[in-house]
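Biologist: Could we go through this structure together, beginning with the terms and then the sheets?

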Amino acid sequence: MDSIFGLVGNGYVLLAADAAAARSILVFKHDEDKIRQLDDKKLMATSGVAADNLNFGEYISKNMKLYELNNDVKMSPTATANYIRGELATALRKGPYQTNILLGAVDDDNNVSLHTLDYMASMAKVSFGAQGYASNFVLSILDREWKPELSQEEGLEIIRKCIHELHTRFLISQPKFVVKVVDHQGTRTIPL
């Protein structure tokens, strides 16, 4: 029942995720942060089974830190996306993680990227993306509204439209969303 979506703008990536922790017909809480900071310029939003999201997110972030300590260099956004894809592919043959991912990142040259990965270990670099039930409602808005070189305020307006669409049309109540941005300054939460 998770909804995550994001877009690339002029020098930034915006990611949004609902804040509900739910299973079956129960909602456990409305303050779940489904967007994990991997390092100072990488964010990973996850949707799927809560246990898999947590375990896989921690596994990726700790192994990225180990890689940095062993090699004295941080992974680039593309290397991070390929590493995550590789780990999903390996797990697929053993005990798959039922998690879908949006990875937003900025490299050392301030180039931004958004990668979408699913539980079957497919990966694509995209300008905008959505995972979970949200994709049924927000991909049309993102397709219509997104354009290259969006300012951050224009990007936030698109995110607001997507959230409004979910509140209007989606059967399941998702009253609160967490929105985070990654840019040359790092990562931060954006109040809506």
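Modeller: Two strands count as paired if DSSP finds at least two bridges between them. Helices (H or I, at least four residues) and strands (E, at least two) are DSSP runs numbered from the N terminus. This is a predicted model, in which local features need pLDDT of at least 70 and side-chain atom pairs count only at pLDDT 80 or more, while totals for chains, interfaces and linings use all residues. Residues are numbered from 1 along each chain as its sequence is written, and side-chain values use heavy atoms, with hydrogens and water left out.

Biologist: Which residue stands opposite His 115 in β9?

Modeller: Lys 125 does. Strands β8 and β9 run antiparallel and are joined by four bridges. They form a hairpin with five residues between them, and in the turn Ala 121 has a positive phi of about 70°.

Biologist: What is the order of strands in the open sheet that includes β8 and β9?

Modeller: The order is β5-β6-β7-β8-β9, with antiparallel pairing. The edges are β5 (35-39) and β9 (123-126); each has a single partner strand, so one side of each is left without a neighbour in the sheet. Neighbouring strands of this sheet are turned by 25° against each other on average, direction ignored.

Biologist: How many bridges join β5 to β6?

Modeller: Four, and these two strands run antiparallel. Gln 37 is placed opposite Leu 43 in β6.

Biologist: Which strands does helix α1 lie across?

Modeller: Helix α1 (residues 50-71) lies across β5, β6 and β7 (99-106), running at about 10° to β5. Angles run from 0 to 180 degrees between N-to-C directions, with axes fitted to C-alpha atoms, for helices over the stretch in contact. Helix α2 (residues 77-92) also packs on the sheet, touching β5, β6, β7, β8 (112-117) and β9, and its direction makes about 165° with that of β7. Contact here means heavy atoms within 4.5 Å.

Biologist: Turning to the sheet with β10 and β12, what is its strand order?

Modeller: That open sheet has five strands in the order β10-β1-β2-β11-β12, and its pairing is antiparallel. Its edge strands are β10 (128-132) and β12 (186-190), each with a single partner strand, so one side of each lacks a neighbour in the sheet. From one strand to the next, the twist averages 15°.

Biologist: And which residue of β2 is the bridge partner of Ile 4?

Modeller: Ala 17 is the partner. Five bridges join β1 (residues 3-8) to β2 (residues 12-18). Helix α3 (residues 135-145) packs on this sheet, touching β1 and β10, and its direction makes about 175° with that of β10.

Biologist: Which residues of α3 are buried?

Modeller: Phe 137, Val 138, Ile 141 and Leu 142 are buried (under 20% relative accessible area; exposed is over 50% and partly exposed in between, with a 1.4 Å probe and protein chains only). They cover an arc of only 115° around the axis, which puts them on the same side of α3; the arc is that of the directions from the helix axis to the C-beta atoms. The face turned away from that buried side carries exposed Asn 136, Asp 143 and Arg 144.

Biologist: What covers the buried residues of α3?

Modeller: The cover includes β1, β10 and α4.

Biologist: Which residues touch the most other members of the largest nonpolar core?

Modeller: Phe 5, Leu 7, Leu 14, Val 138, Ile 159 and Leu 166 do, out of 23 residues. The largest share of this core, six residues, comes from α4. A nonpolar core is a set of buried Ala, Val, Leu, Ile, Met, Phe, Trp, Tyr and Cys residues joined through side-chain atoms within 4.5 Å.
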